[in-house]
Structures are given as structure tokens and as C-alpha cells.
Amino acid sequence: MNGAIFYASKYGSTLEYAGWIADATGLPVYDADEQGSDPADSDFLVLGSPIIYYKLLLSRWMHRNLDVILSKPAVLFTVSGAPAGKKLDRWIRDCLSPALVRHMHHVALRGRQNPKDLTWFDRSMLIVAGLMNSDRQAAQEEMNGFDYMDRASIQPIVDLIKDLQAANGPDQQDGLSALAGHEHPA
Ligand SMILES: Cc1cc2nc3c(=O)[nH]c(=O)nc-3n(C[C@H](O)[C@H](O)[C@H](O)COP(=O)(O)O)c2cc1C
């Protein structure tokens with residue numbers, strides 16, 4: 001089966017992960033904001049989105065393409081400061097429809113935040129968020145930045161994609177059973 005990666009990225013780390021996944025699998029990568037690529041043309045989808053202000057940056061695109069995404073096997077990778085866990089799962093549930101959350105296989109990756117790269121607005125908002133955050137570790141990261149970029153962490157996504165690529169033809173049942181063989185944390 002043929003798949004494609006669609007991503008959104010504000011400061012480049014999701015783009016970097018998408019590029020690493022493309023290198024490892026041969027899948028084409030598309031910036032979801034750019035015209036000219038249609039998710040309907042792929043047998044399966046790999047969707048990459050950072051979490052920005054507790055929301056998926058890709059969520060509007062995902063709502064616009066809801067029917068297409070629901071009609072194919074889909075892997076969602078998120079890139080965030082927060083690690084995998086209840087907080088991240090809640091943010092995802094709060095901004096996507098339950099059907100979409102159930103449908104996609106989610107893998108959480110951790111990103112990068114360099115205060116020097118941020119717009120004045122984002123830098124100010126994150127300083128305020130850090131001052132108000134009772135989780136000291138998260139507060140430090142909001143104010144001082146962090147770098148958790150890790151090429152090895154894409155491996156579960158690469159494994160899922162390889163199973164999907166090996167599934168026969170456009171029969172999506174094959175793709176769905178390929179995903180069903182993996183743990184689905186969301
Ligand atoms: C303005 C801003 C808001 C953010 N909000 C969150 C958030 O709500 N939760 C979280 O876990 N990480 C948050 N982060 C961290 C980003 O998810 C992380 O920096 C990610 O790597 C950004 O991806 P990108 O470089 O592809 O834009 C935020 C980062 C920025 C700059």
C-alpha cells in the first residue's frame with residue numbers, strides 16, 4: 001500500500017521528525033498548509049502535529065479531511081513538551097472528535113523549544129504559563145526551553161508504516177489489521 005505523511009509545524013521540530021520518518025520509509029512528505037497534495041490519493045496516512053497551547057496544530061486540517069482520514073488506516077504522531085500520558089491524551093481528546101481519536105494509532109514524540117526562536121508573543125505567553133504552572137519541571141521548560149529531539153524515537157512509527165506498506169493492495173482491511181497488531185495507547 002502507498003502512504004503519505006502530512007504534517008504541520010510551527011518551529012520546525014515536527015518537520016524534522018517527518019523528514020526522518022520519510023528517510024526511513026520512503027514515504028512522501030507534505031506540508032498540510034500547502035496546496036497540491038490530496039490525502040485521498042494515499043492508501044494510508046501518517047499525520048504529524050505539534051501541540052501548541054494544548055491543541056494539535058493540525059486539528060483544523062484533520063477536521064476538514066475527516067471523512068478521508070476515517071476511510072483509511074491512519075497513524076498520528078504528536079510532538080510536544082509533555083511526555084506521553086494522561087495530560088497529552090486529554091489535550092488530544094479535547095480537540096478531536098471521538099471517532100477520530102479511536103480511529104488513529106497515536107505515537108507521542110517529544111520536541112524542542114528554543115526561547116531564542118520564538119515570536120515575542122509566544123515567548124511572553126510561555127513565560128506567563130511557566131509562572132502559573134504548579135508542575136515545576138514543566139514550568140522550567142516553558143520558561144527556559146528544552147530539546148528532547150530523538151531520532152530513535154520514531155522507530156514505533158517506522159514499524160507501523162512498514163506493516164502497512166507490506167499489507168496487500170488497496171484493501172484497507174489488511175491495513176487495519178496491520179495496525180491492530182500494535183498496542184494502541186490513545
Ligand atoms: C507557543 C508554544 C506553545 C506550546 N504549547 C505546548 C503545550 O500546550 N503542551 C506541550 O506539551 N507542549 C507545548 N509546546 C511545546 C511544543 O509542542 C514543542 O516545542 C514542539 O517541538 C513544537 O513543534 P514544532 O517545532 O514542529 O512547531 C509549545 C511550544 C510553543 C512554542
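Is Tyr54 buried, partly exposed or exposed, going by its C-beta neighbours inside 10 Å? Tyr54 counts as partly exposed, because 15 C-beta neighbours lie inside 10 Å. The legends below describe close-up views of a predicted model.

**View 1. Tyr54 in the loop between β3 and β4.** Although Tyr54 is not a glycine, its phi is positive, at about 70°. The residue is partly exposed, with 15 C-beta neighbours inside 10 Å.

**View 2. Tyr53 in the loop between β3 (44-52) and β4 (55-56).** Tyr53 is a residue other than glycine with a positive phi, near 50°. Tyr53 is exposed, because 10 other C-beta atoms lie within 10 Å and a residue with 12 or fewer counts as exposed.

**View 3. The two domains of the chain.** The ligand shell takes residues from both domain 1 and domain 2, so it lies between them.

**View 4. The shell around the ligand.** The ligand is surrounded by 21 residues, the closest being Lys10, Ser13, Thr14, Pro50 and Gly111. By class, the shell holds 10 nonpolar, 8 polar and 3 charged residues.

View 5. The largest share, 3 residues, is supplied by β3.

Technical notes. Residues are numbered from 1 along each chain as its sequence is written. This is a predicted model: local features need pLDDT of at least 70, side-chain atom pairs count only at pLDDT 80 or more; totals for chains, interfaces and linings use all residues. Helices (H or I, at least four residues) and strands (E, at least two) are DSSP runs, numbered from the N terminus. A residue is buried if 20 or more other C-beta atoms lie within 10 Å of its own, exposed if 12 or fewer, and partly exposed in between; C-beta atoms are placed from the backbone. Domain bounds come from an automatic or database domain assignment. A residue is near a molecule or strand if its C-beta atom, placed from the backbone, lies within 6 Å of it. Ala, Val, Leu, Ile, Met, Phe, Trp, Tyr, Cys and Pro count as nonpolar, Asp, Glu, Lys and Arg as charged, and the others, Gly among them, as polar.
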